[in-house]
Amino acid sequence: APLLPVCLRRPESSERRKLLEDEARLCGSVDYPRSAATSAESPPRHRPSTSPCGRRHRLQSTMKKKVLLMGKSGSGKTSMRSIIFADYLARDTTRLSPTIDVEYSSVQFLGNLHLHLWDCGGQDDFYKNYLDNMRDHIFRSVELLVYVFDIEHFEAVDLKQFEAVAEALDQHSPDALVFVLLHKMDLVAEEERSLVFRERESLINECTRNLAVRVKCFPSSIWDETLYRAWSQIVYSLVPNTKLLEDNLNDFCKICGSDEVVLFESTTFLVIAHCEDGSKHSDVHRFEKISNIIKQFKLSCRKAQASFEGMVVQNSRFTAFFNLFTSNTCIMVIVSDTDIQPASIQLNIDAAKPHFESLIPQTQM
């Protein structure tokens, strides 16, 4: 049958008012005047909303976070930044040159979260300038400081320098988080790493004992998964709605009958949320290992001019699904129950995409 043309008409004022009232009941964002002097034709007055609709709109506005990356020259700051945010392989970082003064870069993360990275050169003259002449410019409005120590060159003068930086941050951005990475841990004998890390961590905590800033230490190396573990925790602290994501992931995990569900950011493959069924796992670094493996595989696909969309790994003990999920995330679902068909898991993943797309804030165009 031929298609009939559809006539569209502008609704009458009473109809428009009814539509707006219906919308107001859903979102709670419209305040209608009730005085007799107000005409029925008057447009509604808007007020700030505390409803879920209003909160979601505020989340969707661009969030900018200032992140300082500091440490002594040669400690590995630029190398780790290039691996996490610029898709470098560890072996490619040897051609990077030392940072001169401050290098600024903006990284878009999870759609509307923009990380303004200030990679600060680590030469002594630069630090003197940061602390004496640029103190307010460098340390004002900082959301997070990532301070990198070279584990092989951990000396008293390095601690003094860190203490001076922490005091400047405490003065200008007392609410900032401080993450200290004890880097190049691969150069320490494996049986000694835990002891060396605890000793250095104790000295660092002593430096900041009387300051308001909160410090958390991580061991790291560009040659294993520890780098992804540290940066996953760093980024996790910046994502505004991780609790909401984890609650919804937990519901999704139960619906699927899965053992574990992990949500990754699709560009960096850093873990931003996860849930599990309560069973104990022997490998506490499994997420970071997967991040590293999948990112390397994605880079290999790119070199072969192929696009990565997902994979399924199956053996006698479990089935692992790894899929592109929302526009900014990937999801991994682990299922050990052999009675659950892979096709049903895939259907659940596809069905959940629109819901999680609404939970994760998007960049407004």
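**Close-up 1. Helices α6 and α7 make a right-handed crossing.** In this predicted model, a crossing is called right-handed if the near helix is turned clockwise from the far one by less than a right angle, and left-handed if anticlockwise. Helix α6 covers residues 156-172 and helix α7 residues 193-207, and their axes come within 9 Å and cross at roughly 40 degrees; axes are lines fitted to C-alpha atoms over the stretch in contact, with angles running from 0 to 180 degrees between N-to-C directions. That angle makes α6 oblique to α7, a word for what is left once angles under 35 degrees are called roughly parallel, over 145 roughly antiparallel and 65 to 115 roughly perpendicular. On α6 the contact (heavy atoms within 4.5 Å) is made by Leu159, Phe162 and Glu163, and on α7 by Leu203, Ile204 and Cys207. These residues divide into five nonpolar, no polar and one charged, where Ala, Val, Leu, Ile, Met, Phe, Trp, Tyr, Cys and Pro count as nonpolar, Asp, Glu, Lys and Arg as charged, and the others, Gly among them, as polar.

Residues are numbered from 1 along each chain as its sequence is written. Local features need pLDDT of at least 70 and side-chain atom pairs pLDDT 80 or more, whereas totals for chains, interfaces and linings use all residues, and side-chain values use heavy atoms, without hydrogens and water.

**Close-up 2. Phe308 and Phe322 form a tilted aromatic pair.** Their ring centres are 6.1 Å apart, with 50 degrees between the planes; rings of Phe, Tyr and Trp (its six-membered ring) pair if their centres lie within 6.5 Å, and planes under 30 degrees apart count as stacked, over 60 as edge-to-face and the rest as tilted. Phe308 lies in the loop between α10 (286-303) and β11 (310-314) and Phe322 in strand β12 (residues 319-324), so the pair ties together parts that are 14 residues apart in sequence. Phe308 counts as buried at 10% relative accessibility, and Phe322 is buried with a relative accessible area of 3%; buried means under 20%, exposed over 50% and partly exposed in between, for a 1.4 Å probe and protein chains only. Both rings belong to one aromatic cluster, together with Phe264, Phe269 and Phe297.

**Close-up 3. Helix α8 (residues 226-236) is largely enclosed by the rest of the structure.** Eight of its eleven residues are buried, namely Thr226, Leu227, Tyr228, Ala230, Trp231, Ser232, Ile234 and Val235. In the protein chain as a whole, buried residues make up 45% of the 365 residues.

Methods. Helix = DSSP H or I, 4+ residues; strand = E, 2+ residues; numbered from the N terminus.
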